[in-house]
Amino acid sequence: MIFVKPNKEGINPFLQLLLLLFYALLGGFVFGLLAIVIILIINGLGMVSNLELLLSGDPKFITEFKIIQILSSIGTFILPPIALALTEGRKVSQFYSFKKPQTLLIFLVLMIMIVSMPFMEWTVLINQKMVLPDYLKAVEQWMKEKEDAAMKITIQLITVRSNFDFIINLIMIAILPAIGEELMFRGGVQRSLTKAFNSPHLAIWLTAIIFSAIHVQFYGFIPRMLLGAGFGYLYFYSGSLWYAMFAHFINNAYAVCAAFYMQKHNMPLNKADEPIGFPWYGYLISAIITIALFKFFKDSADRERKLD
């Protein structure tokens with residue numbers, strides 16, 4: 001990648017964001033092209049005629065599509081924030097703050113992710129009821145078509161054909177996004193916006209909105225935005241990116257494992273997003289306990305910081 005030489009005062013936060021975008025576009029292009037080259041080497045040049053089917057996630061070429069997904073994830077999300085840290089002349093561990101994780105805080109993150117599930121289900125149900133005004137019906141139809149297309153590709157990706165496929169799915173859907181998206185959004189975008197606006201809370205929510213919007217799944221926008229904000233507060237309260245990465249991994253790994261369980265029990269994967277159906281007070285209790293756990297996490301992280 002191309003690096004911009006930093007000055008001694010450090011790069012302006014808005015310039016940091018532009019550099020992140022530049023590195024992401026460059027990394028996505030280079031690694032996407034690398035994936036295509038690898039696929040052509042494996043399958044031969046005849047694969048060129050099937051590139052359109054491949055890029056659309058056609059089931060016949062799902063293995064090749066996963067190669068593209070994995071390499072694109074590395075190029076678009078993992079390498080750009082690393083490049084930014086190197087541009088600043090800083091070690092990645094120091095630039096993004098990878099403090100040694102504490103057992104109590106790791107346990108609290110796990111509890112937050114489990115306890116918040118009913119509340120997150122409620123936000124999904126609310127989001128899915130979104131209806132646009134009549135004059136935007138064409139837009140609404142387009143959004144639904146995009147959502148259906150995304151769902152079809154997702155089902156193809158999480159379909160497990162072997163135990164090795166399950167491992168690949170964990171890497172592709174849980175591990176790489178947990179590392180890359182947290183480095184990019186919480187470590188890169190949130191960090192830069194915090195410096196730009198001198199407001200951690202504004203930075204957390206702006207980053208969460210960008211994080212959700214980048215997935216281009218309109219009927220999951222609200223829960224994904226709240227997840228992003230939750231990851232952001234874990235980073236802000238603890239001063240360490242490990243906890244946000246761990247929470248992100250739990251969220252995505254749960255989806256992979258749930259899909260694996262459903263296939264083992266001959267359950268259709270298109271039913272994976274169907275709500276469990278908690279009573280209204282279950283959603284309320286989930287929200288209250290989740291907020292309390294975040295407060296406990298913040299207080300515990302403050303105590304750990306004072307002991308250092």
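How do the axes of helix 8 and helix 11 cross, and within what distance do they come? Before getting to that, bear in mind that this is a predicted model, where local features need pLDDT of at least 70, side-chain atom pairs count only at pLDDT 80 or more, and totals for chains, interfaces and linings use all residues. Residues are numbered from 1 along each chain as its sequence is written, and side-chain values use heavy atoms, with hydrogens and water left out.

Now the answer: the two axes come within 8 Å and cross at roughly 155°, with helix 11 covering residues 241-264. Axes here are lines fitted to C-alpha atoms, for helices over the stretch in contact, and angles run from 0 to 180 degrees between N-to-C directions. Helix 8 and helix 11 are therefore roughly antiparallel (the label for angles over 145 degrees).

Let's follow helix 8 itself, residues 163-197. From first C-alpha to last, its 35 residues reach 47 Å, close to the 51 Å expected at 1.5 Å a residue (that is, 1.5 Å times one less than the number of residues). Along the way helix 8 has a kink of about 40°, centred on Pro 177.

Over to helix 3 (residues 62-87), where you'll find Ile 68. Ile 68 counts as buried because its relative accessibility is 9% (buried means under 20%, with a 1.4 Å probe and protein chains only). Leaving out residues up to four places away in sequence, Ile 68 touches Ala 35, Ile 36, Ile 39, Leu 54 and Leu 55, contact being heavy atoms within 4.5 Å.

Terms used
Helices (H or I, at least four residues) and strands (E, at least two) are DSSP runs, numbered from the N terminus. The bend at a residue is the angle between axes fitted to the seven residues ending there and the seven starting there. Buried means under 20% relative accessible area, exposed over 50%, partly exposed in between (1.4 Å probe, protein chains only). Angles under 35 degrees count as roughly parallel, over 145 as roughly antiparallel, 65 to 115 as roughly perpendicular and the rest as oblique.
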